[in-house]
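This note is intended for a colleague who is meeting the structure for the first time. Please read it with the sequence and the model at hand.

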Amino acid sequence: YVQASLVDRAALAAAQDGFTSLFNGKDFSGWKIPAGDNGHWKVIDGVIDYDAESEAPGSDKSLWSERAFGDFVLKLEWRIKSTPYINPNVPIILPSGLHKKDADGKEIRTSVPDSDSGIYLRGDSKAQVNIRGWPIGSGEVYGYRMDDKMPPEVRAGVTPKMNADKPVGEWNTFLITTKGDRL
């Protein structure tokens, strides 16, 4: 349900910043597109573009780097092009990572224009840094936030404290650091 675009606009300044560009702005050299995708991942005007309609069989429709990484800092720009889907069942997420409840203990839900994408870290869907139109904003790590076996400080730590997303159609920046098993 997401129409997202990723671009490494910082590639021109990457050498100055000490970063290595993972995307050449021209094609998918260095990337694995799922077999059977049928052109839903594409490069348009120097931007990685995805229309959320991949025809690849199975559940993995993701674009993957061919390279593996140890500790790293990933700097990328992203945008949600549009949010054609209205999700009628989005929870209100508190800074603790828990869902807001009414006086009767029932989760409060709301309807919002929705999209869902993200960056998988370490090849694990549980460690996805979300890009989506929820009120909590992007950057949440849903798999850890929703894991009730995680300590409360971890669940809170993977929950944005504010929605810093720019409006749909505008570019945002992530700076993601991983060191060992830490994000």
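1. The model is a predicted one. Its chain contains 3 helices and 11 strands, and these follow one another along the sequence as β-α-β-β-β-β-β-β-β-β-β-α-α-β. The radius of gyration is 17 Å, close to the 16 Å that the globule rule gives for 183 residues, so the chain is as compact as a globular protein of that length.

2. Extent and surface. Along the principal axes, the C-alpha atoms occupy a box of roughly 55 × 35 × 30 Å. The chain exposes about 10,700 Å², and 53% of that area is supplied by carbon and sulfur atoms. Of the 183 residues, 36% are buried.

3. When contacts between residues at least 6 apart in sequence are considered, 56% of them join residues at least 24 apart.

4. The hairpin of E3 and E4. Strand E3 (residues 41-44) pairs with E4 in the antiparallel sense, over 4 bridges. Ile 44 has Val 47 in E4 as its bridge partner. There are 2 residues between the strands of this hairpin, and Asp 45 adopts a positive phi near 50°.

5. Side chains of E4. In strand E4 (residues 47-50), Val 47 and Asp 49 point one way, while Ile 48 and Tyr 50 point the other way. Residues on both sides of the strand are buried, Asp 49 and Tyr 50 among them.

6. Thr 159. This residue belongs to the loop between helix H3 (152-157) and strand E11 (172-178). Is Thr 159 buried or exposed? Its relative accessibility is 3%, which is under the 20% limit, and Thr 159 therefore counts as buried. Beyond its neighbours within four places in sequence, Thr 159 is in contact with Ile 93, Leu 94, Pro 95, Ser 96, Gly 97, Ile 136 and Arg 145.

7. Pro 135. The loop between strand E10 (124-132) and helix H2 (142-145) holds Pro 135. With a relative accessible area of 41%, Pro 135 is partly exposed. Residues up to four places away in sequence aside, Pro 135 touches Val 90, Thr 110, Val 112 and Asn 163. Pro 135 and Thr 20 are separated by 115 residues in sequence and, C-alpha to C-alpha, by 33 Å in space.

How values were computed:
Residues numbered from 1 in each chain as written. Predicted model: local features only at pLDDT ≥ 70, side-chain atom pairs only at ≥ 80, totals over all residues. Heavy atoms only, no water. Buried < 20%, exposed > 50% of the residue type's maximum accessible area, 1.4 Å probe, protein only. Pairing = 2+ DSSP bridges. Rg over C-alpha atoms; globule rule 2.2 N^0.38 Å. Contact = heavy atoms within 4.5 Å. Areas by Shrake-Rupley, 256 points an atom, 1.4 Å probe, with all protein chains shown as cover.
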